Amino acid sequence: MPGTETAGAGQLGPTGRPLPDFPEPPPLRGHGPARVIAMCNQKGGVGKTTSTINLGAALAEYGRKVLLVDFDPQGALSVGLGIRTHELETTIYNLLVERGHDIRDIVQRTRTENLDLVPANIDLSAAEVQLVGEVAREQILSRVLRPVLEDYDVILIDCQPSLGLLTVNALTAAHGVIIPLECEFFAMRGVALLIDTIDKITDRLNPGLHMDGILATMYDGRTLHSKEVVRSVVDHFGDQVFHTVISRTVKFPDATLAAEPITSYASTHGAAEAYRQLARELIARGGAA
Ligand code: ADP
Ligand code: MG
């Protein structure tokens, strides 16, 4: 089936390793404190935003309370959840650069239960320059998120495609980082620099930062090329690579147009199941409650 990369537990998965069984997570008895995860890759078009929406929605389906933070001035995450970003008066930008705002006034509900959003729009593009002169400029997002940590189980930050100050803020606020990688020839280009940045932040700003995993996206199981890319990523990064692989399917752009997560737009499609499996794998790894 297109868009599906299903193998039974124990069989070889698309990453060439035996696929473990990722059990359905038990319901949570209470909520919080949140584990904060940055979705990060300075390359654009690798599936950061798509993975933020759909991993978030899948975790929400499992009863986790999830907050998504749009941290890209393009606002694709917000648009992908049906927000008219140009009409917004207050966004993450205001939380970062002005005093006296409460994040709870800016959080928006989405149409998906348990899934909330802190939106962004093009205003955020000014923040990078404005924050440069601030005291503790790398810790601003961390401070902004603090009041809602107890309200959520997982907070996912959709980073912009750069390693600038906004991304440094995301990595400083995070407990974990997920790196989506597109399955194409140059996928690994730039990853060394990204890992170097993560190492520096771990060293200097956020000793608790953990590499939650590398996620292969836009996989096409019909091509040898996709398979080779995934195998080489696994050769390089070993167990850091998620067993779950996200296939290339037009259902993702379709779901974006419908402003819905794939888990509700095409609930039974293999692509929705893939993000559910990713949610279970992340929980099994301890990357989420
Ligand atoms: P990023 O946030 O890293 O820039 P996006 O998640 O916005 O990347 O994805 C870039 C484009 O590719 C979008 O148009 C999105 O709909 C599409 N896309 C993302 N994941 C897939 C996939 N698995 N299959 C097909 N298209 C995808
Ligand atoms: Mg994006």
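This is a predicted model: local features need pLDDT of at least 70, side-chain atom pairs count only at pLDDT 80 or more; totals for chains, interfaces and linings use all residues.
Q: Why is Gly-221 called partly exposed?
A: The relative accessibility of Gly-221 is 23%. Buried means under 20% and exposed over 50%, so Gly-221, at 23%, counts as partly exposed. Gly-221 sits in the loop that links strand 7 (210–219) to helix 9 (224–237). Its C-alpha atom is separated by 22 Å from that of Ile-178, 43 residues apart along the chain.

Q: Is Met-218 buried or partly exposed, and how do you know?
A: Its relative accessible area is 21%. The buried class requires a value under 20%, therefore Met-218 is partly exposed.

Q: Which value of Asn-114 is positive, and where is Asn-114 placed?
A: The positive value is phi, near 70 degrees, in a residue other than glycine. Asn-114 lies in the loop between strand 3 (108–109) and strand 4 (115–118). With a relative accessible area of 26%, Asn-114 falls between the 20% and 50% cut-offs and is therefore partly exposed.

Q: What is the peptide bond from Gly-32 to Pro-33 called, and what is its omega?
A: The bond is cis, with omega near -10 degrees. Most peptide bonds are trans. Pro-33 is in the segment before strand 1 (35–39).

Q: Why is helix 1 called roughly perpendicular to helix 12?
A: The axes of helix 1 (residues 48–61) and helix 12 (residues 270–284) cross at roughly 70 degrees and come within 8 Å. Angles of 65 to 115 degrees count as roughly perpendicular, so the two helices are described that way.

Q: Which members of the largest nonpolar core touch the most other members?
A: Among its 56 residues, these are Phe-71, Ile-92, Leu-96 and Leu-141. Helix 7 (residues 165–173) supplies the largest share of this core, six residues. Apart from this core lies another, of 36 residues, including Leu-55, Leu-59, Leu-115 and Ile-246.

Q: What is Leu-96 in contact with, leaving aside neighbours within four places in sequence?
A: The contacts of Leu-96 include Phe-71, Leu-124, Leu-131, Leu-141, Val-144 and Leu-166.

Note on methods
Residues are numbered from 1 along each chain as its sequence is written. Chains are lettered from A and ligands numbered from 1 in the order in which they are written. Side-chain values use heavy atoms; hydrogens and water are left out. A nonpolar core is a set of buried Ala, Val, Leu, Ile, Met, Phe, Trp, Tyr and Cys residues joined through side-chain atoms within 4.5 Å. Buried means under 20% relative accessible area, exposed over 50%, partly exposed in between (1.4 Å probe, protein chains only). Helices (H or I, at least four residues) and strands (E, at least two) are DSSP runs, numbered from the N terminus. Contact means heavy atoms within 4.5 Å. Axes are lines fitted to C-alpha atoms, for helices over the stretch in contact, and angles run from 0 to 180 degrees between N-to-C directions. Angles under 35 degrees count as roughly parallel, over 145 as roughly antiparallel, 65 to 115 as roughly perpendicular and the rest as oblique.
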